Amino acid sequence: MAFDERTEELAVKAAQGDQTALNELLRKIEPDVLRHSSRFLPCRQDAEEACQDALLQVARNIHRFEGRSRFSTWLHVVVANSARSTYRSLKRRSVEQAGELPQQRPDPRRTSVIAGSRVDILDAMEDLEARKPDLIQALVLRDVSQLEYAEIAEQLKLPLGTVKSRIHEARKQVRQTLGDSYT
């Protein structure tokens with residue numbers, strides 16, 4: 001997500017409490033947030049749910065945006081966290097409803113190689129987050145959000161070498177979880 005200067009200006013004004021700027025900002029970023037959420041979640045409805053959650057989080061927390069980094073960098077973190085949170089919530093609901101209702105949509109692992117791969121990767125990322133939570137944010141920002149190492153270091157307030165080390169270790173851990181079929 002790379003935004004023009006107008007979007008960045010709207011974010012600064014919204015962070016300062018300008019409600020009109022916030023409303024315009026939310027309308028402007030929604031398509032990009034949905035597209036980015038779709039990178040995480042294989043089902044369109046799930047991506048839309050994550051998108052709405054991310055937009056709500058932006059509205060609630062825009063005052064925390066300090067303007068030290070670009071708004072687009074800050075938004076990457078919000079969207080990634082919302083998408084992963086939505087995935088965990090959907091997974092929990094699926095387990096709870098397993099005995100109550102028939103499966104309402106086909107398992108993407110059986111219907112699409114690409115969607116199934118994304119689900120496997122999300123499972124591996126969830127496993128990594130449970131075991132080594134300090135590694136997951138750097139991995140998501142680099143490999144999903146495709147931010148530069150320097151942007152990640154700035155966003156996470158970590159030295160560049162630490163960011164590179166965490167990403168390397170996170171990739172190694174995810175590869176181990178996924179097994180030989182992903183090498």
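Visitor: In which helix is the place of Val163?
Guide: The model is predicted, so local features need pLDDT of at least 70, side-chain atom pairs count only at pLDDT 80 or more, and totals for chains, interfaces and linings use all residues. Residues are numbered from 1 along each chain as its sequence is written, and side-chain values use heavy atoms, with hydrogens and water left out. Helices (H or I, at least four residues) and strands (E, at least two) are DSSP runs, numbered from the N terminus. On that basis, the place of Val163 is in helix H9.

Visitor: Is Val163 buried or exposed?
Guide: Buried means under 20% relative accessible area, exposed over 50%, and partly exposed in between, with a 1.4 Å probe and protein chains only. Because its relative accessibility is 1%, Val163 counts as buried.

Visitor: Which residues does Val163 touch, not counting residues up to four places away in sequence?
Guide: A contact means heavy atoms within 4.5 Å. With that cut-off, the residues touched by Val163 are Tyr149, Ile152, Ala153 and Leu158.

Visitor: Are H8 and H9 roughly parallel or roughly perpendicular to each other?
Guide: Axes are lines fitted to C-alpha atoms, for helices over the stretch in contact, and angles run from 0 to 180 degrees between N-to-C directions. Helix H8 (residues 149-156) and helix H9 (residues 160-178) pack with their axes 9 Å apart, at an angle of about 105°. Angles under 35 degrees count as roughly parallel, over 145 as roughly antiparallel, 65 to 115 as roughly perpendicular and the rest as oblique. H8 and H9 are therefore roughly perpendicular.

Visitor: Which residues of H8 and H9 make the contact?
Guide: H9 contributes Leu160, Val163, Lys164, Ile167 and Arg171. On the side of H8, the residues are Tyr149, Ala150, Ile152 and Ala153.

Visitor: With the side chain of which residue does the side chain of Thr73 make a polar contact?
Guide: Thr73 lies in helix H4 (residues 71-97) and is buried, with a relative accessible area of 3%. A polar contact is a pair of N or O atoms within 3.5 Å; within protein, one must be able to donate a hydrogen and the other to accept it, and residues adjacent in sequence count only if both atoms are side-chain atoms. At 3.4 Å, the partner of the Thr73 side chain is that of Glu151.

Visitor: How many helices does the protein chain have?
Guide: From the N terminus on, its elements run α-α-α-α-α-α-α-α-α. With 0 strands, the count of helices is 9.
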